[in-house]
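Hi,

Here is the structure I promised to pass on.

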Amino acid sequence: MYRIVIADDHGLYRRGLRLALMAGIPSVEIFEAACFDAVVNLLEEQASIDLAILDLNMPGLFNQEVLSDVLAAYPDTRFAIVSGDDSRSEILTALSIGLHGYIVKSQKDEEVVLAVNEILAGRIYVPALLSRTSADQRSYAALPSARNPIRQRVGSSDLGRLTSRQRDVLKLMAEGYSNKEIARNLDIAEATTKIHAAAILRELGVRNRTEAAVLLQTWLSRNVS
């Protein structure tokens, strides 16, 4: 039996994809996730997830750095992107960082089932539209650079973009705890802590834990006063 995670913040799409996969793939068990925290929790708690299908626009700060950490933490799981963006550069960038496939939301159900079967079989899936002539021939860019450019200035309001689990991790980071200590305090795996920490730094636009701690203290002082 294959075990698949569908991660998308749109419940209607998750349910539609779930039905398509259950109809097209015999003996499949499917888990749903609406945010980054839920994905990481499923990967940590559920034994042997075969495939995680991730929407780049889902809340939880997926980007090149975080995805690389996720791939490294769960080497036995295959990962694919599902996105409404069918640009050649996005597809090539996703594949260049080690993802195992790229599914476009406009594809028909049978094409998506074929894609998932290809990935589960150990192959890399590339949609046929990649071969089309495209005026967009940019070199690889960081995922998803167009939607989440590097911030020139960081405001404390950015803390509101973190998920609840990421705020828990940030609080302990600011108190000087190591990844191992944070993992022990929150009862999660150390690899999971590293993934959350990378996502926090990326989202806040800071370079290290010290800058993240300063940002948190600034936010706290403004909300207390």
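Predicted model: local features only at pLDDT ≥ 70, side-chain atom pairs only at ≥ 80, totals over all residues.

Strand 3 (residues 51–55) is mostly covered, with five of its five residues buried; buried here means under 20% relative accessible area, against over 50% for exposed and partly exposed in between (1.4 Å probe, protein chains only). Leu 51, Ile 53 and Asp 55 point one way from the strand, Ala 52 and Leu 54 point the other way, and all are buried.

Residues are numbered from 1 along each chain as its sequence is written, and side-chain values use heavy atoms, with hydrogens and water left out. Helices (H or I, at least four residues) and strands (E, at least two) are DSSP runs numbered from the N terminus.

What does strand 3 pair with? Strand 1 (residues 2–7) runs parallel to strand 3 and is joined to it by four bridges, with Val 5 opposite Ala 52. Strand 4 is also parallel to strand 3, through five bridges, and there Leu 51 has Arg 78 as its bridge partner. Two strands count as paired if DSSP finds at least two bridges between them.

Next, helix 4 (residues 88–96). Its buried residues are Ser 89, Glu 90, Ile 91, Thr 93 and Ala 94, and they pack against strand 4 (78–83) and strand 5 (102–104); contact means heavy atoms within 4.5 Å. Just after helix 4, Gly 98 takes a positive phi of about 110°.

Further along, helix 7 (residues 179–186) packs on helix 8 (residues 190–204) at an angle of about 110°, with the axes 8 Å apart. That makes helix 7 roughly perpendicular to helix 8, a label for angles of 65 to 115 degrees. The axes are lines fitted to C-alpha atoms over the stretch in contact, and angles run from 0 to 180 degrees between N-to-C directions. Asn 179, Lys 180, Ile 182 and Ala 183 of helix 7 meet Glu 190, Thr 193, Lys 194 and Ala 197 of helix 8.

As for the whole chain, there are nine helices and five strands, running β-α-β-α-β-α-β-α-β-α-α-α-α-α from the N terminus. Buried residues make up 46% of the 225 in the chain.

Cheers

Key
Parallel < 35°, antiparallel > 145°, perpendicular 65-115°, else oblique.
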